[in-house]
Structure formats: C-alpha cells, structure tokens
Amino acid sequence: MDFEALRQRNPDHWTKATAIRALTMDAVQAANSGHPGMPMGMADVATVLFEKHLKFDAGAPDWADRDRFILSAGHGSMLLYALLHLTGYADMTLDQIRNFRQMGGITAGHPEYGHAKGIETTTGPLGQGLANAVGFAMAEEALRAEFGAKVVDHRTWVISGDGCLMEGISQEAIGLAGMQKLSRLIVLWDNNDISIDGRIGLSDITDQRARFAASGWHVVSCDGHDPADIDRALTEAKSSDRPVLVDCKTIIGFGSPNKSDSAGVHGSPLGDSEIAATREVYGWPYGPFEIPDEARKAWQAIGSRGASARAEWEGRFQKLSGAKQAEFTRRMGGEAPKKLISALRALKKQVSETAPKVATRKSSEMTLEVINAVMPETIGGSADLTGSNNTKTGGMGIFGPENRKGRYVHFGIREHGMAAAMNGMALHGGVRPYGGTFLCFTDYARGAIRLSALMGLPVTYVMTHDSIGLGEDGPTHQPVEHLAMLRATPNVNVFRPADTVETAEAWECALTTPATPSVLALSRQNLPTLRLEHKMKNLTAQGAYVLAEADGPRRAILMATGSEVEIAMAARDILQAEKIGTRVVSMPCWELFEDQPESYRRKVLPAGPVRVAVEAAIRFGWDRWLFGERGRREKSGFVGMHGFGASAPAPELYSHFGITAEAVADKVRSLL
C-alpha cells in the first residue's frame, strides 16, 4: 500500500486518524498489554464516523438524544479511549490514556460502563455489544413513538469484529433486529480477516454479507481506509429502512511494516522498534503520547460540533408540557412512579383477604397487571414462552415494525439475545425491561446476566418452572444447580417467592432497586397463600423473615424458599403436634438478608435450635445459613435435591426425592 499517497490525498483526515493510531500504540506499549491492531485498522472508519455522522456533544455526554456508539469489539478499547480523549470528554485525560490497563484507571482493558462518560456499555465478551445495540435501538424506537421525533431521534452505531460475528449470540441479535426492522441500527464490520489464531479461514467460512442479508439487513461495503468511500457507505446506511451492515475492509495494524495484516498485531504490543518504524510510515515525528496542536484542535472541533444540535434539542424539549418534560426526565433517570408502591400494597391486601392458590408464575402475572398499568415504561417479553412465563398482560400491544407503541416483545427462542437486548434497553434509559424463560435456560442467558450484574443494570429476569415441580418435562428442564449459580454471581438479587404476596413484594424490590438485576424464580405448580395477615411493610425486602413462630419452647428452625415453604409449614404442623416448638423462616432473597444488620439476622436465626433447610435444589450455598450465623454443623440438615431430577408428575417427584413434610420432620427428630 502506498501510505504516502494516502496521506497526500487526504492530509487532514490522515492527521486525525494517525492521532488515534499513535495513542493506541503508545498506550499498549506502556501497559505492555493490549490489542493495538484493531484500533489501528479502524481509525479511518472511526474518524469519518465521529467527524461527519455521529450526533454527540463531548461537553454534554449524557444528552438524551445523542447517537449511541458501541464498541462491540471491546478488546480494541484504545480506539474508544482515544476518541473520547481527542474529542474532549472531560474525564478522559491524557493521564488516563497513559494509565491504560492500570489499577485505579478508567481505561480498563475492555471498556467498562460507568468508568467514563462515553462508554455506553461494557464490552469484551464478544458479541455482547452487538446484541446490546439491538436493545438500544428498540428503546429508541419505543421512546420516539411515544415522545415524538422532536425529542427522540437518534441512531445506534456499532463496531464489530469477526469474533463478534462468530459468537452464537450474534445470530440471535441480527435475527431479532432484522425482524424488527431497526433502521436506526448500523453495524460497522471490521473485516480484517484476522483473529488471535491467525486467518479467519482457519475457523470460519461464513459469508457474513449473505448472512445479514438473509436476516433482513441492508448490506453495503467500503474500503475501510478511503475516507470518501467510508463517508459514502455511512451516508447510504443512514437512508435505509432496515438495519444496516457496513462491510469495512481494513488491514489490522494498519501501517506497521512487519506486523500489519497478521495475528502478531492483534493482542500484544508492537515493541519499541516497530513503533518507531510505524511512526516513520505515518510521517509522525512526535514522541509518545504527544499530539500536535493541529490534530488536537481538529478533534476538539469535532467534539463540540454537536453543541448546536443539542441546544436546538433543548429548545424543543422546553416546548413540551411540564408534565411531559417531567415524565421524560423521570423515565430517563430510572425513577419508579410514585403510585407503584400503593398499587402493589393494594394488591397484597386483596390477596391476603382472598387467599388464591396459584402458581407464582401466575402471581407474577397478577402483579404485572398492576405494574404495567402504572409504569408505562415497562417493556416485557419472553423467549417464545409467553403462555408459560405469564409475562404478557392486557393492553400492552405487541412491539414491532407496525406498532412501536407496543410494550410486549416476542423475542423468539433467543434467550441470550433477549437478555443482552434487555441490557441495551436498560443502558439506553427511558424503558424498564423484563423478560421470561424457564429457569434452567439461564444457562443460555448466562453471559448477558453476568454483564447485567457487572454493569449494575436493573433488568428483571422472570424465570419460571423453577424446580422439579414442573413435572413431566424431566431433568433437561428441571433446574437443580441454577439457583446456586445465580446466587454465586455478585450483584444479583435472586428472589424465590412462596406465594402471591411475596411475589408482589419481590417485584417491588426489583423495580425500585437502581443498580442490581433481579431474577424471579417462579413455580409452575399452584401454591397456597401463606401470608394471610396483610402488612404494609415489604417483608421480602428483608430477605428472610419469621413466617410462623414456634408454639412453646423453640427447638427447631425450618428455613425454606418458594414452593418448599408450604412443605416447611406442613412439617411444622407435624412437629408442633409432637410438642416440638418449630419456627418457619421464609427466605425469598438471600442477598437482601445478607445485607440486613447482624442484629436482625440474629433475631431471625438465633443460636440454639436445630436448623433444617428445605429447597428443591442442590444444597450448595445453604451451609451459610445452616451452620453459619450461630448455627452448628452437627445440629443442621438439608432436605432437597442431590442430583438431577426425573420425568414424572410433580407430586410423585417430590415423594421420590424425599422432599416432603414427613421427611423434614424426620430430619428435625434426628437432630434433636
């Protein structure tokens, strides 16, 4: 390639793009760690995007109507950090660039949401950013339909690499986006034909252009190092009535004399001598981290270019009614409406009085009927299990190309894509997503659930069919280890409610918690109402509480969650008949109980009585409550699952696996 000819043909562009490349080389070298090749290869595309197409204002990074830029290929994080620094984001200082990948810096190895303004989502696990972007675009469509294009009118731009497109989640994402005709979604494919192992042909022969076209996308292509051709392609992309893939043919490590177009530049520093040689190719006679005034001023002008558009938007926003402004601001801030709590309290009172016997998945539906009536920002859905998850309530309407005001999404059999899209919706702001599938299929959604927790996103996962209680579908569908897996994940609240009252309280917790995802593990089988005395207080918010006190001297404490609380209550009746004073503790959310003061935990789980835990899942995790918290190993026991389930009606399964009131009573007797 004739680099000098490229520089002479577009000198201003060359200078701006080279600033990105130079900062990337220097930061990765200083850290002795990182991925320089991708930012060097995509610098031309990113420069054209930020200069001519991306709607943003570096001086107002939280502007609600900004375009969203997502670096799905998160290993190339220095591309994003360089762009944020050069365009003038206040927190992305040169010192932070120098501190790349170091303790305490905001320039983590992969972009992390919340570390710096302009990082729209955490990426690194490949394909997640692409799938998040689908949720961003869906949220934009929904809000534009409600508030109008004068207030909401922006695009979502994504840079994805070959790795993103090889991940299975990518097909879930592009299939959903194509079906939804998300025309404000534009994916820029860094088509450089290199992965860590070498040429893409070592592992993949997929015709990506044909794949996207088959999924309902418009596909265009460009020379990723020709600014005029890039501009042409991005301009065409913005006029599409479908989501767009822009195939950007690039050279990884562009300009490196000895390492470009090879795996050698993908994931390791270039080295001092190669950096010096590359600087020669670029015609860049500046030292490490040195940006000439000409380049810096040009980039800062790009960063401030959107200020006038933002000011015009603020003028339009001020013309909305006061109520409309307040509602938009409330939603974008993630604040629950004031009438939510009173509406849920009214439901709890009604349930305590009528005592329905229903599955907690039905309890969730009853609760959602109340929630969706007072929270217009909710967008719900299911991974093709609507009738089983009970996630659709009356009057929601179906979200789709013909009805962007619909609030229910048919995600299809795309658990992982659904979860990642919900992350994107939550990150965009203005909507509150929830989605359902079977609890065992958290396996499929696991990568996105982990990122919900890592980013602190208030996404609600409605996971039904939560135990062997689902019955005949058998062990492939019966979760036994999943509660333990979810509870082991930091910053996830796992709720397993015992009845409709606890379910309503769990939903209240989920919708009023600002920075933690919630998993609601719900039963297929009917359960009685156990909370027959109405209380205004949300007891589930305490994580665990005394549901039934011992009559007489307390000799045993039974701890249970979900459908097994009913069993614990029946065991209590057996034991009390034998003059064995037994307390029942319902533990709908371990994480919230852990957060309670030690004095409260001591009241619920005092020293002395024997303890038995009852849960139709494996024991893992229960020992914290059995012989921690003042318990004793020799005076504690567990009634639950010790392996996988089986295919049979639910009552037979509970009997077969020994999860019965009689078995619980026997366990207590053996410990006394």
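1. Arg 66 is buried in this predicted model, at 12% relative accessibility, where buried stands for under 20% relative accessible area, exposed for over 50% and partly exposed for what lies in between, with a 1.4 Å probe and protein chains only. The side chain of Arg 66 meets that of Glu 120 in a salt bridge, at 2.9 Å from N to O; a salt bridge here is a side-chain nitrogen of Lys or Arg within 4 Å of a carboxyl oxygen of Asp or Glu. Because Glu 120 lies in the loop between helix H5 (94-98) and helix H6 (128-147), and Arg 66 in the loop between H3 and strand E1 (68-71), the pair ties together parts that are 54 residues apart in sequence. Glu 120 is buried as well, with a relative accessible area of 10%.

2. Residues are numbered from 1 along each chain as its sequence is written, and side-chain values use heavy atoms, with hydrogens and water left out. Helices (H or I, at least four residues) and strands (E, at least two) are DSSP runs, numbered from the N terminus.

3. By the salt-bridge rule given above, the count comes to 46. One of these pairs joins the side chains of Arg 630 and Glu 598, at 2.8 Å from N to O. Arg 630 lies in the loop between helix H25 (623-626) and strand E20 (636-640), and Glu 598 in helix H24 (residues 598-604), so this pair ties together parts that are 32 residues apart in sequence. Both partners are partly exposed, Arg 630 at 27% relative accessibility and Glu 598 at 34%. Salt bridges that share partners join Arg 630 and Glu 598 with Glu 594, Arg 601, Arg 602, Arg 624 and Glu 629 into one network.

4. A further salt bridge is formed by Arg 554 with Glu 549, whose closest N and O atoms are 3.5 Å apart. Arg 554 is partly exposed, with a relative accessible area of 34%, and Glu 549 is partly exposed at 33%.

5. In helix H11 (residues 272-282), the buried residues are Glu 274, Ile 275, Thr 278, Arg 279 and Tyr 282. Seen down the axis of H11, these residues fall within an arc of 145 degrees, so they line one face of the helix, the arc being that of the directions from the helix axis to the C-beta atoms. On the other side of H11, Ser 273 and Glu 280 are exposed. The buried residues of H11 pack against helix H1 (3-9), helix H2 (11-31) and helix H3 (37-52), and just after H11, Gly 283 takes a positive phi of about 65 degrees.

6. Helix H2 also holds Ala 19, which is buried at 0% relative accessibility. Leaving aside residues up to four places away in sequence, Ala 19 touches Leu 86, Trp 284, Ile 291, Ala 295 and Trp 299, contact being heavy atoms within 4.5 Å.

7. Thr 442 lies in helix H19 (residues 442-455) and is buried at 1% relative accessibility. With residues up to four places away in sequence again not counted, Thr 442 touches Ile 449, Met 463, His 482, Met 485 and Leu 486.

8. Helix H15 (residues 339-354) and helix H21 (residues 500-512) pack at an angle of about 170 degrees, with their axes 9 Å apart. That makes H15 roughly antiparallel to H21, since angles over 145 degrees count as roughly antiparallel, under 35 as roughly parallel, 65 to 115 as roughly perpendicular and the rest as oblique. The axes are lines fitted to C-alpha atoms, for helices over the stretch in contact, and angles run from 0 to 180 degrees between N-to-C directions. Among the residues that meet are Leu 340, Ile 341 and Leu 344 in H15, and Thr 500, Val 501 and Ala 504 in H21.

9. Five strands form an open sheet with parallel pairing, in the order E1-E2-E3-E7-E6; two strands pair if DSSP finds at least two bridges between them. E1 and strand E6 (218-223) stand at the edges, each with a single partner strand, so one side of each is left without a neighbour in the sheet. Neighbouring strands are turned by 20 degrees against each other on average, direction ignored. Within the sheet, strand E2 (residues 156-161) and strand E3 (residues 185-191) pair in the parallel sense over six bridges, and the bridge partner of Gly 161 in E3 is Asp 190.

Key. This is a predicted model: local features need pLDDT of at least 70, side-chain atom pairs count only at pLDDT 80 or more; totals for chains, interfaces and linings use all residues.
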